[in-house]
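Open the model in your viewer and keep the sequence panel beside it. The tour begins with the whole chain and then moves through individual selections.

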Amino acid sequence: MKSFRTYLPLIAAFFVLTVVVLALPKERITIKGSDTMVILVQRWTEMYPDKTNTEFQVTGGGSGTGIAALINGTTNICSSSRPMKKEEVAQLQEKFGYKGLEIRVAMDGLAIYVHKSNPVKQLTMAQVKDIFTGKTTNWKDVGGANKPILLYSRENNSGTYEFFKEHVLNKADFASSAQHMAGTAALINAVSKDPNSIGFGGAAYAKNVKEVPIAKDANSKAVAPNISSIHSGEYPISRFLYFYLNRKPEGNVKKFIDWVISPAGQKVVTEVGYYPIRKK
C-alpha cells in the first residue's frame, strides 16, 4: 500500500493548479444603458450562476447613452427600454459592418404614477396626453380635486421618455412646466412626496405611489399593468425591454444572454417586478 508521502507531489501540483486558475483574470462584461433596466440587469448579474471566469460592470445613464456607448465600442451589451432608431442602426453598420443584434429580454408596463392620496380612479390615453402636453392643468378636469397638476418626466436621453413621447403623446412636446428627472427612482420619490403630482415609469418601481389604471379610449375598460394585461396587449402602454450588441455574441457574453432568456433568467424578471417575455 502506497504511503501518504507518495501522493504529496500530486496534491501539491493540484493545489498549485487550483491557485493558478483562481488567480487568472476574469473577463469583464460591461452592460450600459437604460436606467429603467438597471435594477433588473444588476439582479441578473448577481444571480447568474457561472461567474467563475466572468465579472460584470453595470451602469445606467439612459438608453440613448447605452446605444452611443455600443456604437463607440465602449460597452459589450447595451440595455435599452426602446428600439434602436434607423440612424443608430446605420451608425453601427458603418462602424462594425454589422447592423446590430436585438434581443428581447423582458416586458414592461409603462405605469402612470400619482400620489397615494390622489382620488383619480382611472385615465384614458387621451387624458394622459392632454395632461403631459399641458392642455389639462387641473385635477378636477379628470375626476380629481380642484388642484393644479404638477408634471414629472424623465430626461430626453431616456428610452422611457422617448417611448412615452412617441406612443402616448403621439410625438407632441411635453408641457414646458414638466420637471425632468434623471432616473425613474428619483421621479417616483418626487411623486410620492407631492399630492398633486403625476409621472410615468417602469412598473417595477411602483413603491409608495399609486398606479392609475389606463383605458385605450372612453369606451374601453381601464386596466392596470400586470402579466395578463401586458401579454394580451390589453394594457395600452406595454413595451419590450432589450439587449443590443454590435457583434454576434460568443463565449461568456453568449452564455450570459442565453441564461437571461432561459426560464431561470426569466424567473428573475418576475422577481424584480417586470414581466417575462412571452414564448410563442
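Helices and strands are taken here as DSSP runs, helices of at least four residues and strands of at least two, numbered from the N terminus. The model is a predicted one.

**Whole chain**

Start with a cartoon of the protein chain, which has ten helices and eleven strands. The C-alpha trace spans about 90 × 45 × 35 Å along its principal axes. Of the 280 residues, 47% count as buried. Among contacts with a separation of 6 or more, 74% join residues 24 or more positions apart.

**I31**

Select residues 27-33, which form strand 1, and pick out I31 within them. Is I31 buried or exposed? I31 has a relative accessible area of 1%, and therefore counts as buried, the cut-off being under 20%. Now show what surrounds I31. Leaving out residues up to four places away in sequence, I31 touches V41, T45, F56, Q57, V58, T59, T75, I77, S79, F243 and F256.

**D35**

Move on to D35, in the loop between strand 1 and helix 2 (38-47). D35 is also classed as buried, because its relative accessible area is 18% and the limit is under 20%. Which residues does D35 contact, beyond its neighbours within four places in sequence? Display G60, G61, G62, R154, A182 and Y205 to see them.

**K255**

Next select helix 9, residues 251-260, and find K255 there. K255 has a relative accessibility of 47%, so this residue counts as partly exposed, a class that runs between 20% and 50%. Apart from residues up to four places away in sequence, K255 touches Y48 and D50. For a distance in this region, pick K255 and H231: they are 24 residues apart in sequence, and their C-alpha atoms are 27 Å apart.

**The largest pocket**

Finish with the largest pocket, whose volume is about 280 Å³. Select R82, P83, M84, K85, Y161, E162, F163, K165, E166, H167 and K171, which line this pocket. How many of the lining residues fall into each class? Colouring them by class gives four nonpolar, one polar and six charged residues.

Definitions and conventions: Residues numbered from 1 in each chain as written. Predicted model: local features only at pLDDT ≥ 70, side-chain atom pairs only at ≥ 80, totals over all residues. Heavy atoms only, no water. Buried < 20%, exposed > 50% of the residue type's maximum accessible area, 1.4 Å probe, protein only. Contact = heavy atoms within 4.5 Å. 1 Å grid on protein atoms, 1.4 Å probe; cavity = no way out; pocket = protein on both sides within 12 Å on 5 of 7 lines; lining within 4 Å. Points joined across faces, edges and corners; volume = space filled by probe spheres on them. Nonpolar A, V, L, I, M, F, W, Y, C, P; charged D, E, K, R; others polar.
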